[in-house]
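Here are a few exercises to work through with the model open in your viewer. Try each task yourself before reading its solution.

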Amino acid sequence: MSCTRVKVKYLSPYFRDFTRVEEETVVVEAGSTVRDVLVKLSEKHGEYLLTLLLDDTGKELRGGVLVFLNNKVVQSLDSNVEDGDSVAITIAADGG
């Protein structure tokens with residue numbers, strides 16, 4: 001089975017403090033999605049990470065959480081990732 005390497009960057013201190021890293025590389029199966037990357041991260045850092053990222057249904061991002069795929073806001077967690085892609089996770093800043 002072919003593997004896909006995805007670089008994950010934590011742009012907000014909130015997620016950096018939780019994971020204790022600024023960036024890391026995860027390996028998922030070829031044909032994986034952004035959701036698969038998030039699940040892989042939760043396997044490494046604990047399932048609580050998914051509760052921080054996903055809403056109560058587990059199907060959508062929690063309000064205020066932004067995920068970027070190759071510098072573009074992810075519209076769907078079912079977006080495919082390719083080898084060498086970059087995923088960035090942050091919290092949206094509130095306007096004031």
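**Exercise 1. A bridge in strand 5**

Which residue in strand 5 is the bridge partner of Leu 69?

Solution. Keep in mind that this is a predicted model.
- Step 1: Leu 69 belongs to strand 3, which covers residues 65-69.
- Step 2: strand 3 and strand 5 run antiparallel and are joined by five bridges.
- Step 3: look across from Leu 69 into strand 5, and the bridge partner there is Val 87.

**Exercise 2. The pairings of strand 1**

Work out in which sense strand 1 pairs with strand 2, and in which sense with strand 5.

Solution. 
- Step 1: take strand 2 (residues 23-29); strand 1 pairs with this strand in the antiparallel sense, over seven bridges.
- Step 2: turn to strand 5; here the pairing with strand 1 is parallel and has four bridges.
- Step 3: Lys 7 stands opposite Ser 86, and Lys 9 stands opposite Ala 88.

**Exercise 3. Thr 90 and Ile 91**

Decide how well covered Thr 90 and Ile 91 are: buried, partly exposed or exposed?

Solution. 
- Step 1: Strand 5 is mostly covered, with five of its six residues buried.
- Step 2: apply the cut-off. Buried means under 20% relative accessible area. Thr 90 has 12% relative accessibility, so it counts as buried. Ile 91 has a relative accessible area of 36%, so it is partly exposed.
- Step 3: list the contacts, skipping residues up to four places away in sequence. Thr 90 is in contact with Leu 11, Ser 12, Phe 15, Gly 64, Val 65, Leu 66 and Phe 68. Ile 91 touches Ser 12, Tyr 14, Phe 15 and Gly 64.
- Step 4: Ile 91 and Thr 25 are 66 residues apart in sequence, and their C-alpha atoms are 20 Å apart.

**Exercise 4. The whole chain**

What pattern does the chain follow along the sequence, and how does its radius of gyration fit a compact globule?

Solution. 
- Step 1: tally the elements, and you get three helices and five strands. Read along the sequence, they give β-α-β-α-α-β-β-β.
- Step 2: for 96 residues, a compact globule would have a radius of gyration near 12 Å; the chain has 13 Å, so the value agrees.
- Step 3: Along the principal axes, the C-alpha atoms fill roughly 45 × 25 × 25 Å.
- Step 4: finish with burial and surface. Of the 96 residues, 38% count as buried. The chain exposes about 5900 Å², and carbon and sulfur atoms supply 47% of that area.
- Step 5: for the charges, compare the mean positions of the 11 positive and 16 negative ones, which are 4 Å apart.

Definitions and conventions. Residues are numbered from 1 along each chain as its sequence is written. This is a predicted model: local features need pLDDT of at least 70, side-chain atom pairs count only at pLDDT 80 or more; totals for chains, interfaces and linings use all residues. Side-chain values use heavy atoms; hydrogens and water are left out. Buried means under 20% relative accessible area, exposed over 50%, partly exposed in between (1.4 Å probe, protein chains only). Contact means heavy atoms within 4.5 Å. Two strands pair if DSSP finds at least two bridges between them. Helices (H or I, at least four residues) and strands (E, at least two) are DSSP runs, numbered from the N terminus. The radius of gyration is taken over C-alpha atoms; the globule rule is 2.2 Å times the number of residues to the power 0.38. Accessible areas come from the Shrake-Rupley method with a 1.4 Å probe; for residues, only the protein chains shown count as cover. Lys and Arg count as positive and Asp and Glu as negative; His and the chain ends are not counted. The place of a charge is taken as NZ of Lys, CZ of Arg, CG of Asp or CD of Glu.
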